[in-house]
Amino acid sequence: KCIFFKSFQLSGLIQVIKDLANAFIPSGKLVELVDKGLAPLVKTLPSPFSDEIQGIADVSGTPLGEIMLFNIFYEVFTVCTSLVAEDKTGKLLHARNLDFGLFLGWDTHDHSWKVTEKLRPLVVNLDFQKNNKTVFKSTGFAGYAGTLTGMKPGIFSLTMNERFSIDGGYIGIFEWILGLRDGMWMSFLTRSVLENATSYDEAKNQLAKTKMLAPAYFILGGVKSGEGCVITRSRESCLDIWELNLKEGRWYVLETNYDHWKEPLFLDNRRTPAMKCMNKTTQMNISLATIYDVLSTKPVLNKLTTYTTLMDVVEGKLEAYLRECPDPCMPW
C-alpha cells in the first residue's frame, strides 16, 4: 500500500534523477545503461531485498533498473548528523538529521537541492512486524529497501551515517557489479541487525565485524546507562568504537561524516555547532525536545535535511519530522 500511494512521488524523484543524468550525458545513453545494466543486478542481492526491490518496481510501474539506482544512491550520497545522549536519570535518547542530495541539482531559483525536495514527500515511518508483533520501527523512504534509521523497542536504537573515505562506497558498488560480492550493503546490514540482533552487545558486534561495500559510521544506543557508541568502519574492519563514558564527562556521542578524532572539513563543519548546542543544553536539561532544538540549529539543519527522527528506545517511541531550512541557510 505504501508504494501504491507513493508511486506518483517516487516517479517524480526518478524523473529528476533522469533529468540530471541527461544533462550530464545528453544522448540519453546513461539512463539507457541504468535501465538495462542495473536491472539484472537486482537478482544478485541477498534475500529479501531482491524480491522487495522487484516488487517496488512492479507496484510503482517504474523500470527495475531505476529502482535499483534509487537504492544504490544511499551508499554514496548521504550527509547526516546523529547522536546518542544519556540524561541525568540514565535514560538513553537517540536522534538524527538525514541529509541527502549533495551535488544533485541545485535549483538557483528556489535555493534548494532538486533531489532533496523530491525526497521529502517519500519519507515514511514503518513498523516491521512478525506474527502481528513489532520487530522494529524505522524512518525511511518509500521505494527504499534498506534502513538508515531504526529502533528495536526496549532493546536498542540505530542510525547509519556515511563515512567520507577514498575507499568509498562507489568502489564497493563497482566490485559488486564485477561479481565480487562478499561485502554487505550498509543499509541492508542496518536493517538485518534491527531484525535479528537481540541485544545491544549483539548489535554492536555485528556492526563492528561484518564486511561491507562502503565505509560508514554506525551510531548505536541501548537501554542501560553507558550503552551508546559510534562505530567507525572501513569496508573491511572496525577502526574505532567511541563510547559514552560518564566518568570522563562524556554523556553524549555525536557523529556527522568525519572521524571523531579528526577535524571536520572546514566547508562542512556541522559537528562544532552541534556540540556547542549540546554542551550549552547540559545533561540536566537534555530531552527529545531540546535535542530537536539542537538538530534545528543551522548549519546542522541545512538545505539537504529531509527529516529529523527522535527515538526513546525504553518507551518504544519514534517520531519523525519533515524539515526545511528557511533562508538564509547553508546548502549543506
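Mentor: Let us take one residue to start with, bearing in mind that this is a predicted model. C80 has a relative accessibility of 0%, and UniProt, in an unreviewed entry, lists C80 under "active site".

Trainee: Why is C80 called buried?

Mentor: The word buried applies under 20% relative accessible area, and C80 counts as buried because its relative accessibility is 0%. C80 sits in strand β1, which covers residues 78–86, and, once its neighbours within four places in sequence are left aside, its contacts include R96, M160, E255 and R270.

Trainee: What makes β7 a strand with both faces covered?

Mentor: In a regular strand the side chains alternate between the two faces of the sheet. In β7, residues 149–152, T149 and M151 lie on one side, G150 and K152 lie on the other, and these four are all buried.

Trainee: How do you know that β7 pairs with strand β6 and with strand β8?

Mentor: Two strands pair if at least two bridges are found between them. β6 and β7 have 3 bridges in the antiparallel sense, with T139 as the bridge partner of T149, while β7 and β8 have 4, also antiparallel, with M151 and S157 as bridge partners; therefore both pairs meet the requirement of at least two bridges.

Trainee: What lies between β7 and β8 in their hairpin?

Mentor: There are 3 residues between them, and G154 in the turn has a positive phi of about 80°.

Technical notes: Residues numbered from 1 in each chain as written. Predicted model: local features only at pLDDT ≥ 70, side-chain atom pairs only at ≥ 80, totals over all residues. Heavy atoms only, no water. UniProt positions renumbered as here; feature names shortened; annotations may be inferred. Buried < 20%, exposed > 50% of the residue type's maximum accessible area, 1.4 Å probe, protein only. Contact = heavy atoms within 4.5 Å.
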